[in-house]
Amino acid sequence: MTTLVHPDERTGDAPREEPPTPGGSRFATWRSTWSVALRMARRDVRRHRGRSALAVVMVVIPTLLLSALVTFAATSDIAGTELIAPTMGNGQALLEGPDALQISQGVSAQEGYGSGPGEATAVPGFDREKDAFGNADAVAALVGAPVSPVVVFPGRVTVGERRLSVDITALDGRVDLGERLRLLDGRWPTTASEVLVTEAAVARGVPARGTLSVSVDDTASTLTVVGTAKTGGMWTSGGLVVPAPLPGAQASSGSSWIVRGDDPVTWQDLRRLNGHGFSVTSAEVLRNPPTEAQLREAGADTAVAANNELRLMVALGAVMLLTTCTLLVGPAFAVSANRQRRTLALAASNGATTAVLRRTVLSQALVLGGVSAVIGPVVGVAAAYAVVVWTRRDGEGIQAPFDVRPGLLAAIAVCALLSTVVAALVPARRLGRLDIVGVMRGQSVSPRPSPWIFATGVVLAGAGSAVLITATGAVMPDGGQRMVAGLSPDVLVVFGAIALILGSLFLVPLILAGVGRAGGTLPTALRMAARDLARHRARSAPSVAAVLAAVAGLTFGLTGLESDTEQRRAEYVPQTLAGEAVLSAWAADLVPDEASVRTIVPGAVVTQNRVVDTGDPWQTGRQPTEPYRLVFVNVLVPGCTPEQSLGFYVPQSEGVDEATIQKCGRLGTTGTGDASVLVLPADELVRRLDLDEAQATAVRGGAAIARGLDGPSVTVVRGTFAQDPTAQEAVDPDVEVDQQVTVPLVAVPNTKESSGAMLQTGLAFAADTATTRGWPTIARSLTIRTEDGRAITTEQAEQLQQRAGDDTEVQVERGFQREDRLVVGILLGVFALLILVVTLTSTALTLAEQQTDQATLAALGATRGTRRVMAAGQAFLLAAVGCVLGVGVGLVPGIAIAKPLTSDSWDPLTGQQMATDGVLVIPWASLLILGVLVPLVAAALAAAGIRKAPQVTRRAT
């Protein structure tokens, strides 16, 4: 049995360690004391619901967010056996390709994909000029099983005045493909003029009955809707399903075949098909994946690296969760331990050992942590399910099954439980030095800060700073990154930041002692608050540490975000003049007529923005399969030939190198910069560029407008050159010059403003002049403006977008616009709330402990206003110290990560990569909100909480 040890009340000895007990009774004693401690903890939780709820909330919030994020990510990440239903249904495998080279892949075609060691083995009977349907027999013979060909191609459906872009899947579902293609109602199409409509298409306005006018590559078809279906394709926006490709169809993502039959496609079969250039997703391989050694043997090292990186990120997330929860819940347990000092001192005076007292505190952590570990993941999974269901409506969003990962959620729950135990360890360990007599007398002063903890903090902070410096040095001047110990600089920055913040937390006790010594020059209220922070570090240090960690993390993230935003602002190039709208389309027939635009913007001035039509089949969405000729209109730089003006289109040879290409291929339809030539009415060019009278006269006479060129005139050359998509080597361009003329030059400075005025082209001419007469042009966009100069409204832009259809894009030029203001505001609000909760919790504890002092002050004539000022001083100083320390600590990794984030920069005018030192912007406005406004709000709330006068009692002595 445990011997009760009574302390000497004259000397105030701390409770002694539990003496050893013989043999088998030790475990029984241990179990008995823990059982009693847990019962006491449950009773204490019920009695102090507010304090317990605060601790639970501090753990539940990060646990909930991480559980929801993990569940949502797992549902979004369709991998493993989840790939079977959407890719092949009840088939055995999905084949894609074939490529000209052998394939190295992982478990599926999406993991570790890459080219193999040599050329692919030809497939007998395979004709690359045919689509998947034409090559179905050859593929079936190769795999030794029947196959269902699949072709996905883009099309447009005309619904009233709207033209909707849709993905059209050519797949015959009559062979029963399971979830890959499921008939919801109606019947399967049997002829080329019949079509199924998917749920997503119906939700977008495509009729589920009647006939549809469908256009594929400028080829129109009228199809009869015979039913609705649900497709399992993950990388297509649900649209239409036809039994065979429509006229004009070309596969947008290559050909694919679903292997049917009863024989599984094994890993050996997959590797054999890789040798023929096919990427394979096999149901058998997904159910029984290969080993890591087999993946390396297959050359799929990227898949192994991806798995290792995933493990690293999971471990890092666990560390961050454990650290975050510990810091957030730390003040709550400091409150609990300090409020229980008298109860624990009474227990110690009646014989309770140090181990018993520690188990009493730790048992509360186990109870609260266990509750939090259950509530957090459960609520997180429920929140993720609500988001998935909400985004899945009308056939859109994540169509994969809801994926709950019990293993990851259990790990999150364990981290949440550990965080509460770790947070309670610090006050629990202090019970070994409990001054019983001092506590019974109402005296509680923290011992001197430990030099070992301070030294550990210095080492950790120094190591974290060194890692951050190393990560910064691993960024190359050209924006590239050098791996350090197998880790990228971004990962090193995160590890360094964690070490720096943890080391800084260990320095907090000594910093608080310094604040107490330096507070002698402050006003009375703040001087008393500074002294209280220093004397009661057991209570104040966890609160300051929690504020420090929160502010440091936010400072770290906001500094990188602001720097990245500033880089994007510097690289932003206007689309057009301010207030105007540009309606762009990838094909000329998609540009709406001016009359339909004016029905939305009354009195609008609409200008067709025409460019030189080069006849490039790629610009119309067609993949060329035969040789063709392109039209070019270029500026002929002195000393260069028409062939050299083609830039990168001309093969590099003895007389054509990189320098020649950059010099001679500057401006024109094949230029290295803005490869377009703008042709507008002369009056429109004069208005957009604000030209003077002499320049306007020159433009109307056929002068060239060029950005970045000098001189009185330029030579313009027009002609055609050859291209051959089937050639294996560079072909002779065979340039034929139709026009070569020297015209006056209207020089425009090469700025972002002039780029917007010239619609992001580098060369422009007036239409219908001696220079441009006979040039083939094509309308790529419309410029829409109002006569009175007012900007196009957001509502008008949205209506224009709806009227034009999905294949167009409407942009109103309003300058650079930040898209993350709401996110930044939410982050500031959440972190400000956390800081207020931590600060007010510690302040409430301080005021509760100062009831005797408050009563004494009231007896001496102190008014409620005086006591409010003291409470406000306590809250303000605690929040201010934590915020200032947090900003200082967070700026170190923030500045370090700004360079890797912004070192990879591009010249917005030339499109060339630039080597820069990076961009650094410190978000002073946001930091002032945290460092000044939040402490002031905390002070105001603390002052408002002083309502009742303290209870004044007659002293016994």
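Asp176 counts as exposed, at 52% relative accessibility. Here exposed means over 50% relative accessible area, buried means under 20%, and partly exposed lies in between, with a 1.4 Å probe and protein chains only. Asp176 sits in the loop between strand 5 (162-170) and strand 6 (181-186). Its phi is positive, about 65°, although Asp176 is not a glycine. The model is predicted: local features need pLDDT of at least 70, side-chain atom pairs count only at pLDDT 80 or more, and totals for chains, interfaces and linings use all residues. Residues are numbered from 1 along each chain as its sequence is written, and side-chain values use heavy atoms, with hydrogens and water left out.

Asp768 lies in the loop between strand 20 (763-766) and strand 21 (777-786). Asp768 has a positive phi of about 55° and is not a glycine.

The overall architecture was then summarised. The protein has 27 helices and 24 strands. Helices (H or I, at least four residues) and strands (E, at least two) are DSSP runs, numbered from the N terminus. Of the 957 residues, 48% count as buried. The accessible surface comes to about 44,800 Å². Carbon and sulfur atoms hold 57% of that surface. These areas come from the Shrake-Rupley method with a 1.4 Å probe, and for residues only the protein chains shown count as cover. Contact means heavy atoms within 4.5 Å. Among contacts between residues at least 6 apart in sequence, 78% join residues at least 24 apart.

Helix 6 (residues 267-275) was examined next. Its buried residues are Trp267, Leu270, Leu273, Asn274 and Gly275. Just after helix 6, Gly277 takes a positive phi of about 90°.

Val107 lies in the loop between strand 2 and strand 3 (114-119). Val107 is buried, with a relative accessible area of 12%. Leaving aside neighbours within four places in sequence, Val107 contacts Leu270, Val280, Val285, Leu286, Pro289, Pro290 and Leu295. The C-alpha atoms of Val107 and Arg287 are separated by 9.8 Å, although the two residues are 180 apart along the chain. Pro290 is found in the loop between helix 7 and helix 8. At 12% relative accessibility, Pro290 counts as buried. Its contacts, not counting residues up to four places away in sequence, are Val107, Trp267, Val285 and Leu295. Pro290 and Trp267 are 23 residues apart along the chain, with their C-alpha atoms separated by 7.2 Å. Another proline, Pro98, is found in the loop between strand 1 and strand 2. The peptide bond from Gly97 to Pro98 is cis, with omega near 0°.Helix 20 (residues 682-689) and helix 21 (residues 693-700) form a packed pair, at an angle of about 145° and with their axes 9 Å apart. Axes are lines fitted to C-alpha atoms, for helices over the stretch in contact, and angles run from 0 to 180 degrees between N-to-C directions. The crossing of helix 20 and helix 21 is right-handed. A crossing is right-handed if the near helix is turned clockwise from the far one by less than a right angle, and left-handed if anticlockwise. Ala682, Asp683, Leu685 and Val686 in helix 20 meet Ala696, Val699 and Arg700 in helix 21.

Helix 27 (residues 924-944) was checked for length. At 1.5 Å a residue, its 21 residues should span 30 Å, and the end C-alpha atoms are 29 Å apart, which agrees. The expected span is 1.5 Å times one less than the number of residues. Helix 27 bends by about 30° at Leu933, and Pro935 follows within four residues. The bend is the angle between axes fitted to the seven residues ending at a residue and the seven starting there. Buried residues of helix 27 include Leu927, Leu930, Val934, Ala938 and Ala942. An α-helix has 3.6 residues a turn, so residues three or four places apart point the same way.
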